[in-house]
Amino acid sequence: MSDTFTEISPQQAWEMLQTEDAVLVDIRDMVRFSHSRPQGAFHLTNQSYGYFLDEYDYDQPILVSCYHGVSSQNTAQFLVEQGFERVYSIKGGFDGWVRANLPVEIGY
């Protein structure tokens, strides 16, 4: 078991979502998340963390996205410390996701 997370590109994250039982979490604020987010993203907040623990397994790959790929690193490290085994921070965050022309959901 790794004691830290791994940084991956938005393209690698999309690939993992297609081929593995990966979970994409978006940690941006509610206004931004409600406006647009990576397709299929779970809005991970302090309030939704309990639900997240109920829904997902510690051995599932967890892909963390934020605005630009900075705060996702702190959240990814936190998840590793909580016992999640395969945690990834998406380089460039949602900004990078959009620049990579990956699927986005608009509105809530």
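Student: Which kind of contact joins the side chains of D26 and R28?
Tutor: A salt bridge, at 2.8 Å from N to O. Bear in mind that this is a predicted model.

Student: Is D26 buried or exposed?
Tutor: D26 is buried, with a relative accessible area of 0%.

Student: And R28, buried or exposed?
Tutor: R28 has 4% relative accessibility, so it counts as buried too; the cut-off is under 20%.

Student: How many salt bridges does a search of the whole structure find?
Tutor: It finds 4. One of them pairs E20 with R86, and the closest N and O atoms there are 2.4 Å apart. That pair links distant parts of the chain, 66 residues apart.

Student: Where do the two partners sit?
Tutor: E20 is in the loop between α1 (10-19) and β2 (23-26). R86 is in strand β6, residues 86-90.

Student: What about R99, which residue does its side chain meet in a salt bridge?
Tutor: D95, with 3.1 Å from N to O. Both lie in helix α5. They are 4 residues apart, about one turn of the helix.

Student: Staying with helix α5, which residues does it span?
Tutor: Residues 93-99, and V98 is found there. V98 also belongs to a nonpolar patch on the surface, together with V104 and I106.

Student: How much accessible area does the patch have?
Tutor: About 250 Å² for V98, V104 and I106 together.

Student: Next, the backbone. What is the phi of N101?
Tutor: Near 60°, a positive value in a residue other than glycine.

Student: Why flag that?
Tutor: Because most residues other than glycine have a negative phi.

Student: Where does N101 lie?
Tutor: In the loop between α5 and β7 (104-106). N101 is exposed, with a relative accessible area of 70%.

Student: New topic: pockets. What volume does the largest pocket have?
Tutor: About 160 Å³.

Student: Which residues line the largest pocket?
Tutor: I27, L44, T45, N46, Y49, T75 and F78.

Student: How does that lining split by class?
Tutor: It has 4 nonpolar residues, 3 polar and no charged ones.

Student: T45 is in that lining. How far is its C-alpha atom from that of D29?
Tutor: The two C-alpha atoms are separated by 8.3 Å. Along the chain, D29 and T45 are 16 residues apart.

Student: Where does D29 lie?
Tutor: In the loop between β2 and α2 (30-35).

Definitions and conventions:
Residues numbered from 1 in each chain as written. Predicted model: local features only at pLDDT ≥ 70, side-chain atom pairs only at ≥ 80, totals over all residues. Heavy atoms only, no water. Patch = residues over 30% accessible without salt bridge, like charges linked within 9 Å, V, L, I, M, F, W, Y side chains within 5 Å. Areas by Shrake-Rupley, 256 points an atom, 1.4 Å probe, with all protein chains shown as cover. Helix = DSSP H or I, 4+ residues; strand = E, 2+ residues; numbered from the N terminus. 1 Å grid on protein atoms, 1.4 Å probe; cavity = no way out; pocket = protein on both sides within 12 Å on 5 of 7 lines; lining within 4 Å. Points joined across faces, edges and corners; volume = space filled by probe spheres on them. Nonpolar A, V, L, I, M, F, W, Y, C, P; charged D, E, K, R; others polar. Buried < 20%, exposed > 50% of the residue type's maximum accessible area, 1.4 Å probe, protein only.
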